[in-house]
Amino acid sequence: MVLELYLDLLSQPCRAVYIFAKKNDIPFELRTVDLLKGQHASKEFLQVNSLQRVPALKDGDFILTESTAILIYLSCKCQTADHWYPADLQARARIHEYLGWHADCIRGTFGVPLWIRVLAPLIGTQVPEEKMDRNRTAMDRALQQLEDKFLGDKAFLVGQHVTLADLMALEELIQPVAVGYDVFEGRQRLAAWRGRVEAFLGAKLCQEAHGLVLTILEQEAKKTLPVPPAEAYLGMLRRISRIP
């Protein structure tokens, strides 16, 4: 039975799962869940994930949510190349070390510019300027920590090979780039790291995965973005209210 992946490529964790599956030639059926259309709140998707979140994986009767869990599951089930999620205990621990920090310092921070620039205005609201300033400060602080603590003088975040950590990090950092804030500008080590990761993944796959988010401003200007249904507004407003 072919795996089913429930994804929206506007989402950073969804792109990480998509890229991983594609790069490793893992057969899957893509079940697109359009977040802007509110499809994550549909009765059909609630049967997959009652938390109304993507990504989600369905492997026969087995359903798994949360991107890191899905990536680890696919690594082990499909026996992908060892560099992604090494058998070596200490190398694997380094990946988990990064992913723990990532959840605390990257995940809720680097998606905020998209909310400020596109998603909040889409439902007729604005994010206060002081929140924008705090977000920019938080991103700058996290980028410095990413460079100094995790990348250092290595080729990749955990060592000399691409791992799940690099994939998760890249997708988060692409999000602000898509709305005009180039987080790699003036950061030569991070820019070089991005180049190495994208070269490993391949230009075609990166373009395929990033095409939607990297054209988001163009879609906004042309007014071709779907207007979220009224029932999605409350959830979006709650997310906006959680911006520090």
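Tyr6, written Y6, stands opposite A56 in β3, where strands are DSSP runs of E with at least two residues, helices are runs of H or I with at least four, and both are numbered from the N terminus. The model is predicted, so local features need pLDDT of at least 70 and side-chain atom pairs count only at pLDDT 80 or more, while totals for chains, interfaces and linings use all residues. Residues are numbered from 1 along each chain as its sequence is written, and side-chain values use heavy atoms, with hydrogens and water left out.

**The sheet**

Strand β1 (residues 3–7) and strand β3 (residues 56–59) pair in the antiparallel sense over three bridges, pairing being assigned if DSSP finds at least two bridges between two strands. Both belong to an open sheet of four strands with mixed pairing, in the order β2-β1-β3-β4. Its edge strands, β2 (28–32) and β4 (62–65), each pair on one side only, and the twist averages 20 degrees from one strand to the next.

**Helices on the sheet and beside each other**

Helix α1 packs on the sheet and touches β1 and β2, contact meaning heavy atoms within 4.5 Å, whereas helix α3 lies across β1, β3 and β4. The angles below run from 0 to 180 degrees between N-to-C directions, with axes fitted as lines to C-alpha atoms, for helices over the stretch in contact.

| α1 (residues 12–23) | β1 | about 150 degrees |

**Buried parts**

Helix α5 (residues 112–122) is largely enclosed by the rest of the structure, because eight of its eleven residues are buried, that is, under 20% relative accessible area with a 1.4 Å probe and protein chains only. These buried residues, including W115 and I116, pack against α6, α7 (164–178), α10 (216–222) and α11 (230–241). In helix α6 (residues 129–151) lies E147, which counts as buried because its relative accessibility is 6%.

Terms used. Buried means under 20% relative accessible area, exposed over 50%, partly exposed in between (1.4 Å probe, protein chains only).
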